[in-house]
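Subject: The structure you asked about

Hi,

Here is the structure we talked about. Have a look at it first, then read on for what turned up in it.

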Amino acid sequence: MVVDGTFNRTVDWSLVAVEVLPAVVGDSPDIAVTPGSHDFGSEVAGSGTASHTFVVTNQGTADLNVISVVLTGPDAAEFSIDAGGGTFLLTPGQTRDVDVSFAPATVGSKQATLRLASNDPNESPFDVGLAGTGVASPTPDVAILPLSHDYGDVVEGSR
């Protein structure tokens with residue numbers, strides 16, 4: 001049990017790690033983004049596009065100053081921020097939509113991160129996982145039956 005940053009019970013040696021976050025004194029901003037991750041599914045490489053809106057909320061008691069909204073990761077170029085990016089200020093309880101799209105250029109699994117840097121004292125940067133898959137354009141399967149047809153004798157110029 002942890003109270004005021006000190007242990008008051010026996011130590012459990014099976015404990016692997018403890019994350020110690022700075023104490024937040026007084027009013028502070030608190031960033032939240034919903035959803036916390038998103039899979040855009042499958043889109044045709046080179047022509048398909050899918051979009052999704054993420055909602056950034058200040059759940060804190062002081063103004064949240066978002067200083068950057070960027071895409072990072074191995075396939076960041078396959079995603080784009082269409083609206084709501086840049087720098088912005090959210091008062092407590094205020095929200096802002098950030099629209100992201102996925103337009104794969106090549107076939108395969110794609111992953112990136114939507115990263116928001118802010119003045120939140122213990123969640124900056126705030127990362128949102130992005131995923132999607134570029135698929136090949138389907139090959140049309142056309143069958144015309146019958147392959148030939150006998151119209152019989154047709155007089156030229158007649159209907």
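**The phenylalanine cluster**

At 4% relative accessibility, phenylalanine 79 counts as buried. Keep in mind throughout that this is a predicted model. Phenylalanine 79 has an aromatic partner in phenylalanine 40: the two rings form a tilted pair, 5.7 Å centre to centre, with 55 degrees between the planes. That pair links distant parts of the chain, since phenylalanine 40 is in strand β4 (residues 37-44) and phenylalanine 79 is in strand β7, 39 residues apart. Phenylalanine 40 counts as buried too, at 8% relative accessibility.

Phenylalanine 40 also pairs with phenylalanine 102. Their ring centres are 5.9 Å apart and the planes meet at 35 degrees, so this pair is tilted. With phenylalanine 40 in strand β4 and phenylalanine 102 in strand β9, the pair ties together parts that are 62 residues apart in sequence. Both of these phenylalanines are buried. Put together, ring pairs link Phe40, Phe79 and Phe102 into a cluster. The structure holds three aromatic pairs.

**The open sheet**

Where do β7 and β9 sit? They belong to a four-stranded open sheet with the order β3-β5-β9-β7 and antiparallel pairing. β3 (31-34) and β7 (79-83) are at the edges with a single partner strand each, so one side of each has no neighbour in the sheet. On average, neighbouring strands here are turned by 30 degrees against each other, direction ignored.

Zooming in on one pairing, β7 and β9 (residues 95-102) run antiparallel and share four bridges. Isoleucine 81, for instance, has valine 100 in β9 as its bridge partner.

**Two buried polar residues**

Serine 101 lies in β9, and it is buried, with a relative accessible area of 7%. What does its side chain do there? The serine 101 side chain makes a polar contact with the side chain of serine 80 at 2.8 Å, and another with the side chain of aspartate 82 at 2.9 Å. Leaving aside neighbours within four places in sequence, the residues in contact with serine 101 include Phe40, Phe79, Thr49 and Glu78.

Not counting residues up to four places away in sequence, asparagine 58 touches several residues, among them Pro29, Asp63, Leu64, Leu90 and Gly93.

Beyond its neighbours within four places in sequence, leucine 90 is in contact with residues including Val56, Asn58, Leu64 and Arg96. Its C-alpha atom is separated by 9.9 Å from that of glycine 60, 30 residues away along the chain.

Which residues touch the most other members of the largest nonpolar core? Of its 22 residues, they are Ile31, Val33, Val56, Leu114, Leu116 and Leu130. The elements giving two or more residues to this core are β3, β5, β6 (64-72), β8, β9, β10 (108-118) and β11 (126-135). Taking one of them, isoleucine 31 touches Val56, Leu64, Val66, Leu116 and Phe126, among others, when residues up to four places away in sequence are not counted. In soluble globular proteins, nonpolar side chains tend to be buried together.

**Two cis peptide bonds**

A cis peptide bond joins threonine 34 and proline 35, with omega about -10 degrees; proline 35 is in the loop between β3 and β4. Another cis bond joins serine 124 and proline 125, with omega about 5 degrees, and proline 125 is in the loop between β10 and β11.

Cheers

Terms used
Residues numbered from 1 in each chain as written. Predicted model: local features only at pLDDT ≥ 70, side-chain atom pairs only at ≥ 80, totals over all residues. Heavy atoms only, no water. Pairing = 2+ DSSP bridges. Axes fitted to C-alpha atoms, helices over the stretch in contact; angles between N-to-C directions. Contact = heavy atoms within 4.5 Å. Buried < 20%, exposed > 50% of the residue type's maximum accessible area, 1.4 Å probe, protein only. Polar contact = N/O pair within 3.5 Å; in protein donor to acceptor, adjacent residues only side chain to side chain. Phe/Tyr/Trp six-rings, centres within 6.5 Å; stacked < 30°, edge-to-face > 60°. Core = buried A, V, L, I, M, F, W, Y, C linked by side-chain atoms within 4.5 Å.
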